[in-house]
Amino acid sequence: MRAAGQRGGYPLAGGWAAGLLFLLALACAGPRQNMNPGPEPGADGFSLVLVNHHLLDVNIFLQHDGQADRIAMVTASTSRTMELPLYMLGQGGVIRLIAEPIGDDTRYTTDILTVQPGQIVQLNVENPIPRSNYSIQ
């Protein structure tokens, strides 16, 4: 004679296996972190994120192929994201960003940056301007 709550030969075996399968499915569906997909193949340009922590509005210039183009003005203490066309990467994907606070004689110029289509370039304009920095993702 079987005890109450038992089915078949093992008590609650079906419920335990179902719970284990549920937990495995949940673990596989979790978010992936720290994954860098790299540049997007066939991208039409690149993204530029401008973060202005300076007290003044700032003009942003992008230098490529020996010429500098004014691409944006970022209001003091705001951020702005832009999608820039592929031709602004120049011949070899080499650019330089320049930040000039309006009404100030200082400027910040990045190192020479090698950027691939689909990447994200972030420029943080700080106060004082020499503390400004950048990153490429």
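Begin by selecting Phe 61, which sits in strand β2; strands here are DSSP runs of E with at least two residues, helices are runs of H or I with at least four residues, and both are numbered from the N terminus. Before going on, note that this is a predicted model, in which local features need pLDDT of at least 70 and side-chain atom pairs count only at pLDDT 80 or more, while totals for chains, interfaces and linings use all residues. Residues are numbered from 1 along each chain as its sequence is written, and side-chain values use heavy atoms, with hydrogens and water left out.

**Stop 1**

Is Phe 61 buried or exposed? Phe 61 is buried, at 19% relative accessibility; buried means under 20% relative accessible area, exposed over 50%, and partly exposed in between, with a 1.4 Å probe and protein chains only. Now show what Phe 61 touches: leaving aside neighbours within four places in sequence, its contacts are Asp 69, Arg 70, Ile 71, Arg 96, Leu 97, Ile 98 and Glu 100, where a contact means heavy atoms within 4.5 Å.

**Stop 2: Asn 59**

Stay in strand β2 and move to Asn 59. Asn 59 is buried as well, with a relative accessible area of 16%. Not counting residues up to four places away in sequence, Asn 59 touches Arg 70, Ala 72, Met 73, Ile 98, Ala 99, Glu 100 and Ile 102. Zoom in on the side chains of Asn 59 and Arg 70, which are joined by a polar contact of 3.0 Å. The term covers a pair of N or O atoms within 3.5 Å; within protein, one must be able to donate a hydrogen and the other to accept it, and residues adjacent in sequence count only if both atoms are side-chain atoms.

**Stop 3: β5 and its partners**

Next, select strand β5, residues 94-101, which runs antiparallel to β2 and is joined to it by six bridges. Two strands pair if DSSP finds at least two bridges between them. To see one of these bridges, pick Val 58 and its partner in β5, Pro 101.

Which strand pairs with β5 over two bridges and spans residues 113-114? That is β7, in the antiparallel sense, and Ile 95 has Leu 113 as its bridge partner there. Strand β6, residues 108-109, also pairs with β5 in the antiparallel sense over two bridges; look for Ile 98 with its partner Thr 109. The hairpin of β5 and β6 has six residues between the strands, and in it Gly 103 takes a positive phi near 90°.

**Stop 4: the open sheet**

Colour β4, β1, β8 and β9: these four strands form an open sheet in the order β4-β1-β8-β9, with mixed pairing. β4 and β9 stand at the edges, each with a single partner strand, so one side of each is left without a neighbour in the sheet. From one strand to the next, the twist averages 15°, using axes fitted as lines to C-alpha atoms and angles from 0 to 180 degrees between N-to-C directions. Four bridges join the antiparallel strands β8 and β9, and one place to look is Leu 123, whose partner in β9 is Tyr 134.

**Stop 5: backbone details in the loops**

Most residues other than glycine have a negative phi, and most peptide bonds are trans. In the loop between β8 (120-125) and β9 (133-136), find Pro 128; the peptide bond to it from Asn 127 is cis, with omega near 10°.

Asp 65, in the loop between β2 (58-64) and β3 (67-74), has a positive phi of about 50° although it is not a glycine. Asp 65 is partly exposed, at 48% relative accessibility. Ser 77, in the loop between β3 and β4 (79-85), has a positive phi of about 60° and is not a glycine either. Ser 77 is exposed, at 57% relative accessibility.

**Last stop: the chain as a whole**

Zoom out to one helix and nine strands, following the pattern α-β-β-β-β-β-β-β-β-β along the sequence. Buried residues make up 31% of the 137 residues.

Finally, colour by pLDDT, the predictor's confidence in each residue from 0 to 100. The chain has a mean pLDDT of 83, and 69% of its residues reach 70 or more. Over residues 32-40 the value is below 50, and this stretch has five contacts in the model beyond near neighbours in sequence.
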